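Work through the exercises below with the model open. Try each task before reading its solution.

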Amino acid sequence: MNKTAVFPGSFSPFTIGHQCIIDKAIPLFDKIIIAIGINSKKNQYFSIEERIQWIKDVYPNNPKITVQFYEGLTVDFCNRQNANFILRGLRDSHDFKFEKNIAQMNQKLNNEIETIFLITPPEISHISSTIIRDIIKNGGDVSKFIPKQINL
Ligand code: ADP
């Protein structure tokens, strides 16, 4: 069976934390779809177009990686893409509590789709897009926290 994973998130912006999870997942799957979820409740600080372009710039030549955006339920998007796996990163117990509930709800919605969690190394577990956006809004330098291919 072709193993396709959807890695859903806001990626606003894409960070070395996201990159680390994807790099760890590349050997595990045949295809990884990085899926930018459009969430009307979340602040769209960066446009969809720029988020898609950044991710393409980080993975220009990897045939396993594609980028898309979607609206609606992640499990419905997975169905449309014939993906059986949802990939998520875990930084700490706070992520775990939140992610466990979402994964169990998704299991109830579609028990053919399995959520796979990968744990981030401790040296990047403090990195979050929310904090990076705050640093940017206040004129700070975030270059250490985002892949070198991305120029914010
Ligand atoms: P969401 O808005 O869905 O939380 P994010 O873009 O913040 O989307 O995160 C997407 C995924 O990447 C989530 O699984 C999140 O836990 C993971 N992630 C974010 N930052 C890191 C990090 N520093 N290390 C590991 N995983 C991370």
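Predicted model: local features only at pLDDT ≥ 70, side-chain atom pairs only at ≥ 80, totals over all residues.

**Exercise 1. Describe the ring pairs around Phe46.**

How are the rings of Tyr45 and Phe46 arranged?

Step 1. Recall the description. A pair of aromatic rings is described by the distance of the centres and the angle of the planes.
Step 2. Start from the total. The whole structure holds 6 aromatic pairs.
Step 3. Take Tyr45 and Phe46. Their centres are 4.9 Å apart and their planes stand at 85°, an edge-to-face pair.
Step 4. Go on to Phe46 and Trp54. Here the centres lie 5.0 Å apart and the planes meet at 75°, so this pair is edge-to-face.
Step 5. Tyr45 is partly exposed at 32%. Phe46 is buried at 8% relative accessibility. Trp54 is buried at 8% relative accessibility.
Step 6. Look elsewhere for a cluster. Phe7, Phe11 and Phe14 are linked by ring pairs.

**Exercise 2. Count the disulfides.**

How many disulfides does the count give?

Step 1. Recall the bond. A disulfide is a covalent bond between the sulfur atoms of two cysteines.
Step 2. Apply the cut-off. Cysteine sulfur atoms must lie within 2.5 Å of each other. The count is 0 disulfides.
Step 3. Cys20 is buried, with 15% relative accessibility. Cys78 is buried too, at 0%.

**Exercise 3. Sketch the overall fold.**

In what order do the elements of the chain run?

Step 1. Count the elements. There are 5 helices and 5 strands.
Step 2. The order is β-α-β-α-β-α-β-α-β-α.
Step 3. A compact globule of 152 residues would have a radius of gyration near 15 Å; the chain has 15 Å, so the two agree.
Step 4. Check the burial. Of the 152 residues, 43% count as buried.
Step 5. Check the contacts. Among those with a separation of 6 or more, 78% join residues 24 or more positions apart.

Conventions: Residues numbered from 1 in each chain as written. Heavy atoms only, no water. Buried < 20%, exposed > 50% of the residue type's maximum accessible area, 1.4 Å probe, protein only. Helix = DSSP H or I, 4+ residues; strand = E, 2+ residues; numbered from the N terminus. Rg over C-alpha atoms; globule rule 2.2 N^0.38 Å. Contact = heavy atoms within 4.5 Å. Phe/Tyr/Trp six-rings, centres within 6.5 Å; stacked < 30°, edge-to-face > 60°.
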